[in-house]
Amino acid sequence: MNHVRRVFYRERLSGVLSQSFSTSRAATASQLTVRDALNSALDEEMERDETVFLMGEEVAQYDGAYKISRGLWKKYGDKRVIDTPITESGFAGIAVGAAMGGLRPVCEFMTFNFSMQAIDHVVNSASKTFYMSAGLIHVPIVFRGPNGAAAGVGAQHSQCFASWYSQCPGLKVVSPYSSEDAKGLLKAAIRDPDPVVVLENELLYGTSFDVSDEVLSKDFVLPLGKAVVEREGQHITLVAHSRAVMLALEAATALAGEGVECEVINLRSLRPLDEETIVKSVIKTHNLVTVEQGWPQCGIGSEICARVVESPAYHYLESPVIRVTGVDVPMPYAKSLEIACIPQPHDVIKAVKKVLKIK
């Protein structure tokens, strides 16, 4: 079974990488892929702090299943870039123990679906130890890897774990969208004294984003717990994270052609959640739609709705909040059904028009 799983991912990923893998550090001086941004963050933090090390399946000699760790094994060697057997519970436990011992492990899951094998270590060992030790033991560990729907991997490899992990006290959870997000948030996660879950998106790895010289600097770090307004608007607020930010921005561009100006918020961090930015925007626009690719029940959108209802922004709402989410079913394998289960820009546009009562 282990051999089948390894071959399946290598064959599938070779197709993905052949379409989107950039062999250069950046496409141009002002562009960076999400893959290269994550690679840069790991390299810079390992260079900065010798207690940082990476471990996971195929992260070393194979350069990572998604080539995020490309070149790191050759640069830092076996002691700091460690290939593991296919046993998430085992190497996640080792990583947590190393963090308790004063190191700063980055534990890579080939997909967060496999983190279910190690969830006891993530939730019980990593997130609760600082509290249970009366603040004596920090666990500075990063759990990272692709999360949520990808393409053609079926129900067992397509789940979004944003709401799973962001519910847990003691964990910090980030969900980057752009290359700027990916680099800045991963560097901040590695430096943090407590466990951080970094939920990446496989389909964004090969996407290039414009970046400033500041982002390319080794000193660039983003604060955890702070959202960013990607597009300003006055009629309605769209709140999203990860790849759903792209959907929100595409919908906002289309709606602008019809005279509707959407304010798009990229959450970046799910725990802590930047409630202040959301509330401020809703007070400004008086309307709200949340966008995510995960399931609707107990999702990130549900939490945002609850926070808004409990805040002063509630009294400014002119219409009920609508959540745009993945369909509430296990992900189908058939391509046509998979597309139907994942939110598309037209779903966001439809929700906005319903909130604003536009036909």
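In the predicted model, Asp210 is in contact with Ser30 and Gln31, its neighbours within four places in sequence being left aside. With Gln31 there is also a polar contact between the two side chains, at 3.1 Å. Asp210 belongs to strand 8, which spans residues 208-210. Its relative accessible area is 61%, above the 50% limit, and the residue is therefore exposed. The C-alpha atom of Asp210 is separated by 9.0 Å from that of Ser178, a residue 32 places away along the chain.

Salt bridges number 21 in the structure. One of them joins Arg191 to Glu45, with the closest N and O atoms 3.0 Å apart. Arg191 is part of helix 8 (residues 179-191) and Glu45 of helix 2 (residues 34-48), so this pair ties together parts that are 146 residues apart in sequence.

Relative accessibility is 44% for Lys75 and 43% for Glu47, so Lys75 counts as partly exposed, as does Glu47. A further salt bridge is formed by the side chains of Glu261 and Arg231, at 3.8 Å from N to O. Glu261 is located in the loop between helix 10 (244-256) and strand 11 (262-266), and Arg231 in strand 9 (residues 228-231); the bridge therefore ties together parts 30 residues apart in sequence. Glu261 is partly exposed at 28%, and Arg231 is partly exposed at 24%.

The structure also holds 8 aromatic pairs. Phe109 and Phe112 form an edge-to-face pair, with 5.5 Å from centre to centre and 70° between the planes. Phe109 pairs with Phe143 as well; here the centres are 6.0 Å apart and the planes are at 5°, so the arrangement is stacked. Phe109 lies in the loop between strand 4 (104-108) and helix 5 (119-126), and Phe143 in strand 5 (residues 142-146), 34 residues apart. Phe109 and Phe143 are both buried, and Phe112, at 1% relative accessible area, is buried too. These residues belong to one aromatic cluster made up of Phe91, Phe109, Phe112, Phe143, Phe161, Trp164 and Tyr165. Elsewhere, Lys67 lies over the face of Tyr62, 3.6 Å from the ring centre.

Technical notes:
Residues numbered from 1 in each chain as written. Predicted model: local features only at pLDDT ≥ 70, side-chain atom pairs only at ≥ 80, totals over all residues. Heavy atoms only, no water. Helix = DSSP H or I, 4+ residues; strand = E, 2+ residues; numbered from the N terminus. Buried < 20%, exposed > 50% of the residue type's maximum accessible area, 1.4 Å probe, protein only. Contact = heavy atoms within 4.5 Å. Polar contact = N/O pair within 3.5 Å; in protein donor to acceptor, adjacent residues only side chain to side chain. Phe/Tyr/Trp six-rings, centres within 6.5 Å; stacked < 30°, edge-to-face > 60°. Lys NZ or Arg CZ within 6 Å of the ring centre and 35° of its normal. Salt bridge = Lys/Arg side-chain N within 4 Å of Asp/Glu carboxyl O.
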